[in-house]
Amino acid sequence: MNAKLNMKPNEKLKLNMKLNVKMNTNMNKNEDEGKHEGKYEDKHEGQHADKHEGQHQDKYEDKHQSVMVSEVLAGLNIQKQGIYIDATFGRGGHSKAILDHLNQEGRVLAMDKDPEAETKAKELSANDSRFTFKRGSFSGVYAFCQELGLLGKIAGILMDLGVSSPQLEKASRGFSFRLDGPLDMRMDPSSGISAAEWLNTAEESEISRVLKEYGEERFHRRMARAIINARSQAPIATTLQLAEIITKANPAWERHKNPATRSFQAIRIYINRELEDLALGLEQALEVLLPKGRLVVISFHSLEDRIVKRFIQKNEQGDMVPSYLPLPILNVGKKCHRIGKKAKASITEIAENPRSRSAILRVAEKEAE
Ligand SMILES: C[S@@+](CC[C@H](N)C(=O)[O-])C[C@H]1O[C@@H](n2cnc3c(N)ncnc32)[C@H](O)[C@@H]1O
């Protein structure tokens with residue numbers, strides 16, 4: 001008799017997830033670099049999944065391994081006395097690497113939405129007077145520079161997008177479909193509404209749209225329906241509850257992918273306004289940079305990368321001159337140009353830090369005026 005048949009639904013789900021995690025782990029070992037290019041995938045899930053099995057849910061390492069550090073430093077074209085912005089401080093790996101390359105006149109200004117990132121950043125600012133932190137979204141980077149009287153004086157800006165490992169691995173933050181926790185998913189838990197509040201009140205069509213647009217989830221309609229049905233019995237309160245609802249509503253599991261991956265990522269992107277913030281942050285970045293200042297962006301999935309790529313293309317082209325005008329107006333409205341091609345992590349880095357395998361780094365330089 002198949003032991004799985006005697007299991008309660010929750011036990012079955014856990015077993016299925018365990019099997020899926022094993023598949024993920026094996027896949028990571030064999031994967032070729034670039035195999036997932038253009039695909040939508042979660043950079044963190046699958047990385048440390050086995051580590052947590054059988055452990056206390058909230059035992060996690062408060063560490064984040066920064067990706068593509070040497071490529072970031074090269075992209076920023078570090079000048080020793082320059083002022084740099086790390087718009088996504090996380091656990092500060094990139095900020096510290098930049099500070100290591102500056103002299104006493106150089107500065108790093110950092111931002112992050114997350115209160116736990118702020119705690120780490122305060123430790124750094126207490127020990128290094130060249131470092132200043134402000135909690136908030138990088139969609140406020142213009143105002144931050146204005147406050148400091150540094151508009152147009154920034155030598156380089158880094159945006160390392162998405163979530164940090166501590167955010168994903170701490171069950172109580174509610175980001176992970178593998179760890180049971182309150183369904184929150186906010187990078188800044190003091191602002192906006194949690195994933196649970198949204199899922200328990202949103203229209204079915206709205207949930208469906210989010211899963212489709214931000215998760216590129218084929219089964220967005222079925223999943224939205226399943227969420228509505230489930231919440232009519234009892235409010236959806238935890239990450240594993242949601243994972244179970246979505247998993248059951250997914251009729252065709254993709255190989256090497258947890259069936260809830262796309263939906264969790266979609267909900268996270270929506271709840272944190274990630275794509276809207278990115279569009280605003282990119283526009284402001286060009287405003288605050290010095291002429292010839294550098295913008296470096298690391299993205300982890302195709303929706304983000306598309307926004308970055310198109311932003312650079314648009315500002316590289318400048319204003320469109322009507323074709324009937326016999327004017328050789330070239331640089332009108334041109335704000336930046338790209339430096340090099342998109343870069344990916346080296347095979348060595350991917351072997352050491354599997355999370356880096358989906359990182360795509362793009363660099364642009366502001367026009368000299
Ligand atoms: C991939 S981690 C950055 C890791 C960091 N570079 C390091 O070396 O530790 C992304 C961080 O960006 C933050 N974040 C995401 N979107 C943000 C936004 N719009 N504004 C500010 N911080 C944001 C997250 O809270 C998270 O801490």
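Helix α3 passes helix α4 in a right-handed crossing. The model is a predicted one, and this pair is the opening stop.

**Stop 1: α3 and α4.** Select residues 69–76 for α3 and residues 93–100 for α4. The two axes come within 10 Å of each other and cross at roughly 55 degrees. That angle lies between the roughly parallel range, under 35 degrees, and the roughly perpendicular one, 65 to 115, so α3 is oblique to α4. Now show side chains where the helices meet. On α3, pick V69, V72, L73 and L76; on α4, pick G93, H94, A97 and I98. Coloured by class, this contact shows six nonpolar residues, two polar ones and no charged residues.

**Stop 2: the ligand.** How many residues surround the ligand, and which are the closest? The count is 22, and the closest are S66, T88, G90, G93 and D160. The elements that give two or more residues to this shell are α4 and β2, the latter at 107–112. G93 was also picked at the previous stop, as part of the α4 side of the contact with α3.

**Stop 3: α10 and α11.** The crossing of α10 past α11 is right-handed, as is that of α3 past α4.

Which residues of α10 meet α11? Display R222, M223, A226, I227 and A230 on the α10 side, then I245, I246, K248 and A249 on the α11 side. By class, the contact of α10 with α11 has seven nonpolar residues, two charged ones and no polar residues.

**Stop 4: the whole protein.** The protein has 15 helices and eight strands. Colour by burial next: 44% of the 369 residues count as buried. Finally, draw the contacts between residues at least 6 apart in sequence; 68% of these join residues at least 24 apart.

Key: Residues are numbered from 1 along each chain as its sequence is written. This is a predicted model: local features need pLDDT of at least 70, side-chain atom pairs count only at pLDDT 80 or more; totals for chains, interfaces and linings use all residues. Axes are lines fitted to C-alpha atoms, for helices over the stretch in contact, and angles run from 0 to 180 degrees between N-to-C directions. Helices (H or I, at least four residues) and strands (E, at least two) are DSSP runs, numbered from the N terminus. Angles under 35 degrees count as roughly parallel, over 145 as roughly antiparallel, 65 to 115 as roughly perpendicular and the rest as oblique. A crossing is left-handed if the near helix is turned anticlockwise from the far one by less than a right angle, and right-handed if clockwise. Two residues are in contact if their C-beta atoms, placed from the backbone, lie within 7 Å. Ala, Val, Leu, Ile, Met, Phe, Trp, Tyr, Cys and Pro count as nonpolar, Asp, Glu, Lys and Arg as charged, and the others, Gly among them, as polar. A residue is near a molecule or strand if its C-beta atom, placed from the backbone, lies within 6 Å of it. A residue is buried if 20 or more other C-beta atoms lie within 10 Å of its own, exposed if 12 or fewer, and partly exposed in between; C-beta atoms are placed from the backbone.
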